[in-house]
Amino acid sequence: LFTGDVDPDLYAIDCVFTDPTISFQGLETFQKNLENLSPIVDFFLQEGKTTLYSIALDEPGRRVTARWRMLGTFRRFPAFWGPELDVKGQTVITFDDESGRVVDYRETWATEPGEALRQLLVPAARGEGDGE
């Protein structure tokens with residue numbers, strides 16, 4: 001989300017992308033979504049970071065599960081209130097046996113989508129801890 005960078009060689013053309021707010025199929029759609037979001041994120045984002053808590057390989061299931069925290073601090077300037085997005089979650093990536101490419105990218109959040117939206121609508125209380 002913060003960089004918009006994606007290596008298309010890692011994903012199957014018909015990969016399914018799912019997060020708590022949307023689900024769709026197709027690498028091209030994923031790339032277009034990132035292209036559309038990138039100028040907005042670049043303009044408003046002051047600092048974005050993702051902390052990786054853990055990563056696990058399920059070789060028989062052809063899956064990798066990563067637990068993470070995404071923290072974005074947005075700019076304060078006239079007509080913008082400087083919110084902060086703080087979402088913890090996990091991503092489960094499933095690979096195809098033959099090609100080794102990602103065929104399913106499934107993100108779940110510990111934070112409800114409505115709470116994530118609320119975070120973007122109110123000024124941030126800066127300086128809160130990183131606790132898990």
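The model is a predicted one.

Stay on the helix and centre the view on Leu 37. Here α1 bends by about 35°. Pro 39, a proline, follows within four residues of that point.

Next, show the side chains of Leu 27, Phe 30, Leu 34 and Val 41, which are the buried residues of α1. What do the buried residues of α1 pack against? Display β1 (11–19), β2 (22–25) and β3 (45–58): these strands are their packing partners.

Now turn to the aromatic rings. Searching the whole structure gives seven aromatic pairs. For one of them, select Phe 17 and Tyr 105, a tilted pair with 6.0 Å from centre to centre and 40° between the planes. This pair joins distant parts of the chain, since Phe 17 lies in strand β1 and Tyr 105 in strand β8 (residues 102–109), 88 residues apart. Phe 17 and Tyr 105 are both buried.

Move to Phe 43 and Phe 44. Their ring centres are 4.9 Å apart and their planes stand at 90°, over the 60 degrees cut-off, so this pair is edge-to-face. Is Phe 44 buried or partly exposed? Its relative accessibility is 24%, so Phe 44 counts as partly exposed.

Finally, select Tyr 11, Phe 17, Phe 24, Phe 30 and Tyr 105 together; they make up one aromatic cluster.

Key
Residues numbered from 1 in each chain as written. Predicted model: local features only at pLDDT ≥ 70, side-chain atom pairs only at ≥ 80, totals over all residues. Heavy atoms only, no water. Bend = angle between axes of the 7 residues up to and from the residue. Helix = DSSP H or I, 4+ residues; strand = E, 2+ residues; numbered from the N terminus. Buried < 20%, exposed > 50% of the residue type's maximum accessible area, 1.4 Å probe, protein only. Contact = heavy atoms within 4.5 Å. Phe/Tyr/Trp six-rings, centres within 6.5 Å; stacked < 30°, edge-to-face > 60°.
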